[in-house]
Amino acid sequence: MIPHVETTSAAAVSTPDLLRIIPCLLLHERGLVKTKQFKSPVYVGDPINAVKIFSEKCADELIIIDIDATVESREPEVEFLRDICAQAFMPVCYGGGVRSVAQMERLFHAGIEKLSISSAALEEPSLIREASRNFGSQSVAVTIDVKRPFFGGEPAIVTHRAKRRSKRKLRDWVKEVVDLGAGEIVINDVDRDGTMAGYDYDLIEGVASSASVPVIALGGAKDVSDMEKLIKETGVAAAAAGSIFVFKGPHRAVLINYPQRDY
C-alpha cells in the first residue's frame with residue numbers, strides 16, 4: 001500500500017539561521033524509503049516529489065543515498081538522478097555506487113554538486129585524492145558508517161549496509177581522508193539510524209575534534225533542538241537527519257516537513 005503523504009506548513013518549526021540542517025533521503029528501487037539501523041526499508045513516497053517539497057521549503061541542502069547501488073555492485077542511475085536534481089533548488093550531495101572519476105563527472109553534469117564516497121574510499125583511498133584534484137575538495141565528501149560491536153569497545157567502520165566491517169580505526173581513517181583531500185566528512189551512526197533517540201554526542205565530538213574539515217552528523221536526530229544542541233556542543237558544521245523529516249508522531253505517519261528559518 002502506498003502511504004498518504006502530507007506536508008506541513010512552512011511555519012511548523014522555527015530554528016536559528018546559524019544551523020545548517022540537511023535532510024537525508026534514501027533511495028531503494030527508485031522509491032524513497034526510511035530504514036532503522038540500516039534494515040527494514042519502509043516506503044515513504046516518491047523521491048522526485050519529496051525533493052520538490054524540500055525545495056519549496058528552502059532546505060539548506062540534501063543528501064541522497066542509493067542504498068542498493070554498492071550492495072548490488074551497480075553504477076549510479078545518472079538519468080534518474082538528473083530528473084531528481086531538476087526539482088532541487090538547493091545543493092545535492094549524492095552517494096551510492098560511486099567508484100570512479102568518470103562516474104563522478106557524469107553525476108556532476110547531471111546536477112549533483114557534491115559526491116559522497118564510502119566503501120570505494122576504503123578499498124581505494126587514492127580515489128579521494130584523484131576526485132579532489134579533478135573537481136576540488138569542496139565537491140568531495142567521505143561518508144563513514146559506524147556501528148558499535150556487540151561486545152563493546154570502539155565503534156567499527158562498516159560498509160555494504162553494515163554487513164562488512166573494516167579493520168581501520170575510526171580516528172585514523174578520519175585523519176587519512178582529510179590528508180587525502182576530502183572536503184567534508186559525514187559520520188553516520190548505524191545504531192541510531194531511524195531511532196529518533198538523539199545523536200551520540202561523544203561519538204560525534206570525537207570525530208569532529210579529529211578532523212580539520214567540516215563534519216556532518218547523521219543518525220538518531222530527535223528534533224531540531226537536538227540538532228541545535230549538537231552543533232553547540234560538538235562543533236560539527238551541520239546536522240543531517242532522515243526520520244524527523246518524513247515521519248510525524250508515535251505512529252510514524254508519513255509527513256514531509258522541514259523547519260522554517262527564524263530570521
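## Salt bridges, cores and cysteines

This chain has a count of 19 salt bridges. You are looking at a predicted model, so please read every value below as computed from it.

**Salt bridges across the chain**

Here is the general idea to keep in mind: side chains of opposite charge can pair when their charged atoms come close.

- Glu75 and Arg106 make a salt bridge, and their closest N and O atoms are 3.3 Å apart. This pair joins distant parts of the chain, 31 residues apart: Glu75 sits in the loop between β6 (62-66) and α2 (78-85), while Arg106 belongs to helix α3 (residues 101-109).
- How exposed are these two partners? Glu75 is partly exposed, with a relative accessible area of 47%, and Arg106 is also partly exposed, with 38%.
- Glu123 pairs with Arg99 in another salt bridge, at 2.2 Å from N to O. Glu123 is in helix α4 (residues 119-123) and Arg99 is in the loop between β7 (92-95) and α3, so their pairing ties together parts 24 residues apart in sequence.

**A salt-bridge network**

- Lys147 and Asp191 meet through their side chains in a salt bridge of 3.2 Å, N to O. Lys147 is in strand β9 (residues 140-147), and Asp191 is in the loop between β12 (184-189) and α7 (201-210), 44 residues apart.
- Is Asp191 buried or exposed? With 18% relative accessibility, Asp191 counts as buried, whereas Lys147 is partly exposed at 24%.
- This pair is part of one network, in which salt bridges with shared partners join Lys147, Arg148, Asp189, Asp191, Arg192 and Asp200.

**Nonpolar cores**

- The largest nonpolar core contains 77 residues, and Ile144, Tyr199 and Met227 have the most contacts inside it. Helix α6 (residues 170-180) supplies the largest share of this core, 6 residues.
- Which residues does Met227 touch, leaving aside its neighbours within four places in sequence? Its contacts include Leu19, Ile21, Tyr199, Ala221 and Phe245.
- There is also a second, separate core of 12 residues, with Ile63, Val186, Leu218 and Ala240 among them.

- A disulfide is a covalent bond between the sulfur atoms of two cysteines.
- How many disulfides does a search of the whole structure find? The search finds 0.
- Cys85 is in no disulfide either, as its nearest cysteine sulfur, in Cys93, is 11 Å away.

**Two residues with positive phi**

- Phe38 is not a glycine, yet it has a positive phi of about 70°. You can find Phe38 in the loop between β4 (31-36) and β5 (39-45), where it is buried, with a relative accessible area of 15%.
- Ser40 is not a glycine either, and its phi is positive at about 45°. Ser40 is in strand β5, and this residue is exposed, with a relative accessible area of 57%.

How values were computed
Residues numbered from 1 in each chain as written. Predicted model: local features only at pLDDT ≥ 70, side-chain atom pairs only at ≥ 80, totals over all residues. Heavy atoms only, no water. Disulfide = S-S within 2.5 Å. Salt bridge = Lys/Arg side-chain N within 4 Å of Asp/Glu carboxyl O. Helix = DSSP H or I, 4+ residues; strand = E, 2+ residues; numbered from the N terminus. Buried < 20%, exposed > 50% of the residue type's maximum accessible area, 1.4 Å probe, protein only. Core = buried A, V, L, I, M, F, W, Y, C linked by side-chain atoms within 4.5 Å. Contact = heavy atoms within 4.5 Å.
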